[in-house]
Amino acid sequence: MPLARIRKMVLHHHEFFDGSGYPNALSGESIPLGARIIAIADAYDTITSDRTYKKARSAPDALSELERCANAQFDGSIVEVFVRTMRTLPNPIIEVATASGTPRNS
C-alpha cells in the first residue's frame with residue numbers, strides 16, 4: 001500500500017543516521033530511504049527560511065551545515081548528491097522557491 005510507505009517516511013524523517021534520532025532510534029539504511037531524503041530537504045528548508053524564532057541563513061550556509069552533519073544526522077551519500085545538485089543552480093533559494101510557486105526573501 002503506497003500510503004503506508006509515505007507514513008513511514010514521515011514518521012522516520014527525524015531519525016538520525018547515527019541512530020540518535022527519534023521516534024525509534026533507527027540508524028543507517030534501516031531508516032527508510034524516503035525519510036532520509038525528506039530529512040535533508042526539510043533541514044535545508046528550515047535553515048534557509050525565516051522563522052518566528054530565527055532569520056533565514058544563506059544557501060551556502062545551509063549546504064555547509066548539511067555537510068557538517070553528514071554521516072551523523074544525515075545520510076552522507078544523499079547529502080553529497082543534494083549539495084552537488086544545489087550548487088549547480090545559480091541561486092538555490094530562488095530556484096527552489098520558483099519551482100514551488102512560493103517567493104522567498106534571500
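Guide: Gladly! This is a predicted model, and we can start with its largest cavity, which has a volume of about 50 Å³.

Visitor: What makes it a cavity and not a pocket?

Guide: A 1.4 Å probe fits in a cavity but cannot get out, whereas a pocket is open. The structure holds 1 cavity of 30 Å³ or more.

Visitor: Which residues line the largest cavity?

Guide: The lining is made by His12, Glu15, Phe16, Phe17, Ile31, Ala35, Arg36, Ala39, Gln73, Phe74 and Asp75. Sorted by class, that gives 6 nonpolar, 2 polar and 3 charged residues.

Visitor: How do you know which residues make the contact of H2 with H4?

Guide: Contact means heavy atoms within 4.5 Å. On the H2 side the contact is made by Leu33, Arg36, Ile37, Ile40 and Tyr44, and on the H4 side by Ile78, Val79, Phe82 and Met86. These divide into 8 nonpolar, no polar and 1 charged.

Visitor: H2 also packs with H3, at an angle of about 140°. Why is that pair called oblique?

Guide: Helix H3 covers residues 59-68, and its axis is 9 Å from that of H2. Roughly antiparallel needs an angle over 145, and roughly perpendicular ends at 115. The angle of about 140° falls between those limits, which makes H2 oblique to H3. H2 passes H3 in a right-handed crossing.

Visitor: Which residues meet there?

Guide: Ile40, Ala43, Tyr44, Ile47 and Thr48 of H2 meet Ala59, Ala62, Leu63, Glu65 and Leu66 of H3. By class, this contact has 8 nonpolar, 1 polar and 1 charged residues.

Visitor: What is there to see in the loop between H1 and H2?

Guide: Pro23 is found there, and a cis peptide bond with omega of about 15° joins Tyr22 to Pro23. Ala25 is in that loop too, with a positive phi of about 55° although Ala25 is not a glycine.

Note on methods. Residues numbered from 1 in each chain as written. Predicted model: local features only at pLDDT ≥ 70, side-chain atom pairs only at ≥ 80, totals over all residues. Heavy atoms only, no water. 1 Å grid on protein atoms, 1.4 Å probe; cavity = no way out; pocket = protein on both sides within 12 Å on 5 of 7 lines; lining within 4 Å. Points joined across faces, edges and corners; volume = space filled by probe spheres on them. Nonpolar A, V, L, I, M, F, W, Y, C, P; charged D, E, K, R; others polar. Helix = DSSP H or I, 4+ residues; strand = E, 2+ residues; numbered from the N terminus. Axes fitted to C-alpha atoms, helices over the stretch in contact; angles between N-to-C directions. Parallel < 35°, antiparallel > 145°, perpendicular 65-115°, else oblique. Left-handed = near helix turned anticlockwise from the far one by under 90°.
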